[in-house]
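Dear colleague,

I am passing on the structure we spoke about, and I have placed it directly below so that you can follow the notes with the sequence and the model open. My comments come after it.

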Amino acid sequence: MPSVPSSTRSSTSAEQGDIEAMQSSSVRQTIVGIGREIGPSAIEAVLSLFDQEQHELAEAVPVTAADLAYGPHERHRLDIYAPATRDAAVPVLIWVHGGGFMRGDKGGNGRWTDANAGRMAAAAGFLGVVITYRLAPDFGWPAGAEDVAAVVDWVRKHASTWGGDPKRIVVAGTSAGAVHVAGYLKLRPHHADEVRAAIMLSGLYGFTPLSDVRDQSYYGEDASLHPARIPAEAVLSTDLPLFLAAAEFDPPRFQAEFASLLHHRLDRHGILPRSYIASGHNHYSLPYHLGTSDTRLQDEIIAFVTDVCGK
């Protein structure tokens with residue numbers, strides 16, 4: 001696949017015809033109607049848009065191994081999605097779900113949410129690993145980062161069992177999952193010895209105030225502790241290849257974090273990381289449309305993983 005330039009890509013009016021061919025007008029109209037809303041009703045509306053396609057993907061790409069333990073807690077579980085055919089060991093894509101630090105899981109057992117990312121990876125010829133992790137408020141900072149690190153350790157030890165290459169791991173997350181991926185970069189300063197790259201969709205890395213109750217459920221209510229706990233500096237300073245994405249209809253705070261990260265990365269490194277703004281999508285449809293006929297974002301992700309890991 002062709003390489004994506006190190007710049008932020010978004011859709012122009014000249015590309016509108018191609019966009020409409022991939023994203024139906026009814027899907028776009030529904031997402032526009034939802035706007036930047038976050039909450040249960042917005043989630044349900046988004047899920048209904050992709051339910052049929054995602055159930056078809058689930059039938060085509062079944063789980064290879066389910067509910068494997070990567071740690072001692074009951075939420076330390078992961079599912080494996082392996083490609084149907086492979087001639088050699090393949091890259092591994094670890095997927096970390098979102099949920100505002102306080103909810104979410106890896107899907108499976110009849111639920112396609114977040115499992116779709118593992119299926120997308122397997123359909124692309126990678127080994128997909130989708131995880132569940134400990135939640136706030138019972139488990140605050142740095143539990144999420146610790147769980148991502150534990151998964152990376154587990155995958156490095158066990159990936160070859162399912163045809164994955166333990167030396168070609170990419171760790172990816174959305175929303176709170178992206179924060180935990182960033183937290184892993186902070187927790188493990190030598191992360192470049194463990195993974196090839198990181199993918200972060202619509203995360204909050206610490207460029208805006210931690211004023212939301214969900215932030216405080218994870219980082220704690222004592223604001224004096226927050227500067228030492230946020231992963232912003234780790235994401236700014238890492239030399240690991242990054243792919244960053246945001247949605248056209250992400251809430252303003254998420255867009256501000258995305259723009260701030262790009263600005264400071266450019267200032268720090270003199271070049272933008274690989275990045276993408278998903279037109280016609282919101283905070284929930286950004287991850288939940290992966291694996292559908294709208295392949296714009298997944299094509300970017302697949303190209304990125306291929307470029308950093310090789311075929």
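To begin with one helix contact, Q54, L57 and A58 of helix 3 come together with N116, R119 and M120 of helix 4. Sorted by class, the residues of this contact of helix 3 with helix 4 are three nonpolar, two polar and one charged. Please keep in mind throughout that this is a predicted model. Helix 3 covers residues 40–60 and helix 4 covers residues 115–123, and the two pack at an angle of about 55° with their axes 10 Å apart. The crossing in which helix 3 passes helix 4 is left-handed.

Helix 3 also packs against helix 2, with an angle of about 175° between them and their axes 11 Å apart. Since angles over 145 degrees count as roughly antiparallel, helix 2 and helix 3 are placed in that group. On the side of helix 2 the contact involves V27, T30, I31 and I34, and these meet A42, A45, V46, L49 and F50 of helix 3. By class, this contact of helix 2 with helix 3 has eight nonpolar residues, one polar residue and no charged residues.

A further residue of helix 2, which runs over residues 25–34, is V32. The C-alpha atom of V32 is separated by 37 Å from that of G310, which lies 278 residues away along the chain.

Helix 5 contributes G144, A145, E146, V148, A149 and V152 to the contact, while helix 6 contributes H180, V181, G183, Y184 and L187. Seven nonpolar, three polar and one charged residues make up this contact of helix 5 with helix 6.

Turning to the strands, T174 belongs to strand 6, which spans residues 164–174. T174 has a relative accessibility of 3%, and because buried means under 20%, T174 counts as buried. Apart from its neighbours within four places in sequence, T174 is in contact with W95, V96, H97, G98, D114, L201 and P287.

For the protein as a whole, the secondary structure amounts to twelve helices and nine strands. The radius of gyration is 18 Å, which is close to the 19 Å given by the globule rule for 311 residues, so the protein is as compact as a globular protein of that length. The C-alpha trace spans about 50 × 45 × 40 Å along its principal axes, and 54% of the 311 residues count as buried. Among the contacts with a separation of 6 or more, 78% are between residues 24 or more positions apart.

Terms used:
Residues numbered from 1 in each chain as written. Predicted model: local features only at pLDDT ≥ 70, side-chain atom pairs only at ≥ 80, totals over all residues. Heavy atoms only, no water. Helix = DSSP H or I, 4+ residues; strand = E, 2+ residues; numbered from the N terminus. Contact = heavy atoms within 4.5 Å. Nonpolar A, V, L, I, M, F, W, Y, C, P; charged D, E, K, R; others polar. Axes fitted to C-alpha atoms, helices over the stretch in contact; angles between N-to-C directions. Left-handed = near helix turned anticlockwise from the far one by under 90°. Rg over C-alpha atoms; globule rule 2.2 N^0.38 Å. Buried < 20%, exposed > 50% of the residue type's maximum accessible area, 1.4 Å probe, protein only. Parallel < 35°, antiparallel > 145°, perpendicular 65-115°, else oblique.
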